[in-house]
Amino acid sequence: MNTTSIINESLMGKGSFWFPAARTSLAPHTDQLYYWILWASIASFIGLFMVVVYFLWKYKYSPTNKVASKQIIDNIPLEIAWTVIPSLICLVIFYAGYIGFLHISLPPSNATEIHVVARKWMWQFDYPSGIKSIGELVVPVNEPIKLIMTSEDVVHSLYIPNFRIKRDVIPNRYSRVWFNANAIGNYQIFCAEFCGDGHSAMLGSVRVVSKEDYQKWQKEQNSGADLPLDVLGEKVYNSKGCNTCHSIDGSPKTGPTWKGLWGSNHKMSDGKMVVADENYIKESILDPKAKVVAGFQPVMPTFAGLLSEREINGIIEYLKKLK
Ligand code: CUA
């Protein structure tokens, strides 16, 4: 769909043929179970195949084949064996899966709670300290993090392959998942539930940092006051999800490009011409459906309450620079 949908390999880490690198305490358990099921399936497939080939040969019809004419009607020990053995295998798989399910469902009581709001097409994270980030979840390493998730529109699904967690995010209810990231780094977040046009671009990342860096990041997020407006605008563009739908190089995405947008005349879906000035930009951020540029869908969510007055001014100043 666009450049953001190309998966950044550095975000996944070097893993095995089957999986990206495992980065939580739970991940090895999940992988073991997966390999167990995989090898059990391969073994039974090969076994079954060999038996079928052998029977084809042994019981092939011919007038002289005495074995083929002898029908076996009942064999109680055989029937018990092929009922009990697969049932036991299923029970083992169920038990291992249930242990994993319990683990992922029951966060430790000291877990830091972060709220996740999904909407078309972005991930928003609300931290206990009042910080909001879009598209990037920043967490300290080796600390339990509990995500309390809901959706503002359709069903999405938060998927972090390195953490081996995937949970549906559903409108009008909360779903929970937790993890304990055990290695510093950047990891990919996907939406794993088809949710419309921008589904493939509904990406995010988890940045796992040291405890010190986490404190530092929180301080930085709370300030921002000392940045020049256009620099602040660029930061907002990259950190609040604008870059998901708006390019700055003229290439088309879900929304109009920001390159050359400032001061230009735009035709709206109702045929009216509008000049991209301060009022238009601010209105488009707070009430995106008020004026929709012709040729685009009215899909942008409102950023009311998500951006400060200064951040909106920052975007305006940043747009002025994108000639
Ligand atoms: Cu959200 Cu797919």
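# Reading the cavities

User: How do the lining residues of the second largest cavity divide into nonpolar, polar and charged?

Analyst: Happy to start there: 6 are nonpolar, 4 are polar and no charged residue takes part. Here Ala, Val, Leu, Ile, Met, Phe, Trp, Tyr, Cys and Pro count as nonpolar, Asp, Glu, Lys and Arg as charged, and the others, including Gly, as polar. Bear in mind that this is a predicted model, where local features need pLDDT of at least 70, side-chain atom pairs count only at pLDDT 80 or more, and totals for chains, interfaces and linings use all residues. Residues are numbered from 1 along each chain as its sequence is written, and side-chain values use heavy atoms, without hydrogens and water.

User: Which residues line the second largest cavity, and which element gives the most?

Analyst: The general idea is to roll a probe the size of a water molecule over the atoms and see where empty space is left. A cavity is a set of points on a 1 Å grid over the protein atoms alone where a 1.4 Å probe fits but cannot get out, and lining residues have an atom within 4 Å of a point. In this case the lining consists of Thr24, Ser25, Leu26, His103, Ile104, Phe163, Ile165, Trp178, Phe179 and Asn180. Strand E8 gives the most, with 3 residues, and helix H3 (76-105) also supplies at least two. The space inside is about 60 Å³, taken as that filled by probe spheres set on points joined across faces, edges and corners.

User: How many cavities does the search find, and what lines the largest one?

Analyst: It finds 2 cavities of 30 Å³ or more. The largest holds about 550 Å³ and has 33 lining residues, with His246, Gly255, Pro256, Ser284 and Met300 nearest its centre. Helices H6 (242-245), H7 (278-286) and H8 (309-321) each give two or more residues to this lining, and H7 gives the most, with 4. By class, the lining splits into 22 nonpolar, 8 polar and 3 charged residues. Domain 2 (112-221) and domain 3 (226-321) each contribute at least three residues; their bounds come from an automatic or database domain assignment.

User: Why is the chain described as more spread out than a compact globule?

Analyst: The chain has 8 helices and 12 strands, which are DSSP runs (H or I, at least four residues; E, at least two) numbered from the N terminus. Its radius of gyration is 27 Å, well over the 20 Å that the globule rule gives for 323 residues, so the chain is more spread out than a compact globule. That radius is taken over C-alpha atoms, and the rule is 2.2 Å times the number of residues to the power 0.38. Along the principal axes, the C-alpha atoms fill a box of roughly 95 × 50 × 35 Å.

Key:
On a 1 Å grid over the protein atoms alone, a cavity is a set of points where a 1.4 Å probe fits but cannot get out, and a pocket is an open set with protein on both sides within 12 Å along at least five of seven lines; lining residues have an atom within 4 Å of a point.
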